[in-house]
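Subject: Structure handover

Hello,

Here is the structure I promised to pass on. Please open it next to this email and follow along.

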Amino acid sequence: MTRELWKGNNAIAEAAVRAGCAAYFGYPITPQTELLEYMSARMPQLGRAFVQAESELAAINMVYGAACTGTRVMSSSSSPGVSLMMEGVSYIAGTEIPAVLVDVMRGGPGLGNIAPAQSDYNQIVHGGGHGDYNLIVLAPSSVQESVDLTVLAFDLAEKYRSICVVLLDGSIGQMMEPAEMPPFQPLRTEYPDWAVTGAKDRERRFLSSIYLDPPQEEAANLRMLRRWQEVQANEIRYKTYYMEDAKFAVIGFGSSGRVALTAVRAARAEGIPVGLLRPITLNPFPEKVVEDLAKQVEGILVVEMNSGQMLEDIRRIAKGAAPVEFFARLGGIVPLPDEVLDEIRRLAKGPLTLEGHPRDRWLARMGTLN
Amino acid sequence: MDTQEEVIVYARPDSLTKTNTHYCPGCTHGVAHHLIAEVIDEMGLRERTIGVASVGCSVFAYNYMNFDFVQAPHGRAPAMATGVKRVFPDKVVLTYQGDGDLASIGMAEIVHAAARGENISVFFLNNANYGMTGGQMAPTTLPGQKTTSSPNGRDVETQGYPIRASELLATLDGASYVVRRSLHDPKNIRLAKKAIRTAFEVQLRGLGFSMVELLSTCPTNWEMTPQNSLKWLEEHMIPYYPLGDYKVNPAVAEIKG
Amino acid sequence: MPPKGRIIVSDLYCKGCELCVGACPQAVIALNPDRITAKGYHPASLFKDGCTGCGICAIVCPDAAITVYREDLRARRAIPAGA
């Protein structure tokens, strides 16, 4: 295959089609809408299912129904729409069936705006819906990675009978970059042994998230947790840059990680021994990597496009082994490489402290910024 | 009498499981269940039918109907059925929903499934209250009707008016077959069964959305004997919810003929 | 002469709701005070002759608890008079 110029949202849609997605259900919301529009033309062209639902709530429940048939199914939305989907997300998780969800994040809370943000981290990584469940969360930082992770999302969802979320911000959804599309996978013709397909020549099946008997619900919860342990053992993905000899580390995912990489390269050019960790799976989180990195370096800078949602995870994992600093832009503003470079310089210059909270120090600095 | 000289007039349909239901004695949910099961047996659809259960007293429908089933969140059965049907257009997909589920929390889903002409069959049990949670006011509760959340009787000034779902959905072009029947006596039960059959015929012919609303009793929450519940249904519900055909696509009329 | 019929009511399903009692055109069904189901209901049963096997009890039964049998009239016709 050759590389072609693709818009992020369209690229994800085409990647899903090639991964054998047989049904798509969605609702228009900026900055995700092109994905829905692309599917509205592409899916019927291939004789596959496409419905523009009456709401994200309906869309996720259409996904729920289609997922019960064991076929490859997806939806996509952006932050406020994803909030509305949380009911269905919890039910799908509780029914232990695979589905893929793409969240192209925008500024919030509330209606917020349509500019890029990463403030759905807690909602997607740490819950959002009710009950005990985990979602597999993949965070691309380029159009090519969005393509690759979309294909992976279908495989992981199926392997672990789980929802797999591709979590990106609006800038990746909207940007155009060269990307290579994956090969075309055929649509499934056989269905898994748990799927509802009509009780022909077999016992009837039913799929539900209801366990009225508490011991049965506990057993289901334990089963999901043990499956999650397998995901933790096998599926952690991340990328490190310039970490071998690094005395300082920047940690950022998605667009923040991408911007940070530019800043890290610039800092290296200035002779600052800094590296970058870019988590790709936000759940399961690369905890061991962060733990080891905290022992290696003299200081960590967390860069996000939210108010420090991943920061809390880094602080929990680093356990005070290295001082942690924080930098973020909020409300739909993407940090500039120069801003991050300034933060790296500040980190290298010190002094650093384990006292206080990095968010408070950042907030104090933001006071002079705005 | 020698059994060899007998015919079986009625036996429990294969499409019901061998399970005692949780429904209260005399609740006509059970009548709706066996009618659907009988029609599925008679039409030979059991092995290709996928049911979508809802939330409310009908939450355990999947335990009682002997074919593949999924369980929807409250009100979302038509959306879930859409997902199933779009993947498997050749399967028979039904939803079984109560009045709180369909006419309150799931109003958007049912309206849009009908508007899309989604090729599914909806069985809508209207018993004028939320049964499962103990008899609260439903969107279908009659004016003046006492429930645990309208203890002085539904006051339309503050609690609004009941929703006639069949009449409302019949206005949508995507709806092919929308009728209201009642389960209060043998004659009407027979008519209900015919309507259920027609709804499946509509789906098999790809004619789009079909819904059979079934007026049903709730003896426990109405605080009446099962017998008196039937009378109350006839005397109070039918005047507000007239029985009849609210939408019959001309192509459906041919089936019936 | 109307055909002869009989019903068998399953103790597994019957909840003693009496809808069949009220619907029976021959008024030959009643709850049986001598029987009690596992759930504690007195199940319906025939308490006198006269069942025609019309099946109305089964139509109104919410629990599909009733199996209805009716004399095979073809068999009756097949039997020669006086046999």
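Start with an open sheet of 3 strands, in the order β1(B)-β4(C)-β1(C), with antiparallel pairing. Two strands stand at the edges: β1 (6-10) of chain B and β1 (5-9) of chain C. Each has a single partner strand, so one side of each is left without a neighbour in the sheet. On average, neighbouring strands here are turned by 30° against each other, direction ignored. Keep in mind that this is a predicted model.

What holds strands together in general? Strands of a sheet pair through backbone hydrogen bonds, either parallel or antiparallel.

Now take the two pairings in turn. Within chain C, β1(C) and β4 (residues 66-71) run antiparallel and are joined by 5 bridges. One pair to find is Arg6(C), whose bridge partner in β4(C) is Tyr69(C).

**Where the chains meet**

How many residues of chain B are in contact with chain C? The count is 27 residues of chain B, against 29 residues of chain C. On the chain B side, four elements supply at least two residues each: β1, α1 (29-43), α8 (186-204) and α10 (226-240). β1(B) gives the most, with 5 residues. By class, this side of chain B has 15 nonpolar, 8 polar and 4 charged residues.

Which chains share the most contacts? Of the 2 pairs of chains in contact, it is chains A and B. Chains A and C do not touch. Their nearest C-alpha atoms are 20 Å apart.

**Chain B by itself**

Chain B has 11 helices and 8 strands. Its C-alpha atoms fill a box of roughly 55 × 50 × 35 Å, taken along the principal axes. For 257 residues, a compact globule would have a radius of gyration near 18 Å; chain B has 18 Å, which agrees. Buried residues make up 60% of the chain B total of 257. Next, consider contacts in chain B between residues at least 6 apart in sequence. Of these, 68% join residues at least 24 apart.

One helix deserves a look: α5 (residues 107-115) of chain B. Its buried residues are Glu109(B), Ile110(B), Val111(B), His112(B), Ala113(B) and Ala114(B). What do they pack against? In chain B, the partners are α3 (77-87), α4 (99-105), α7 (165-170), β6 (175-182) and β7 (209-215). From chain A, α3 (56-67) joins them. Just after α5(B), Gly117(B) takes a positive phi of about 65°.

**Two domains in chain A**

The domains do touch: 27 residues of domain 1 are in contact with 21 residues of domain 2. On the domain 1 side, the elements giving two or more residues are α5 (121-125), β6 (136-138), β7 (163-169), α7 (170-174) and α8 (214-234) of chain A. By class, that side has 15 nonpolar, 10 polar and 2 charged residues.

Best wishes

Terms used
Residues numbered from 1 in each chain as written. Chains lettered and ligands numbered in written order. Predicted model: local features only at pLDDT ≥ 70, side-chain atom pairs only at ≥ 80, totals over all residues. Pairing = 2+ DSSP bridges. Axes fitted to C-alpha atoms, helices over the stretch in contact; angles between N-to-C directions. Contact = placed C-beta atoms within 7 Å. Nonpolar A, V, L, I, M, F, W, Y, C, P; charged D, E, K, R; others polar. Buried ≥ 20, exposed ≤ 12 C-beta atoms within 10 Å, placed from the backbone. Rg over C-alpha atoms; globule rule 2.2 N^0.38 Å.
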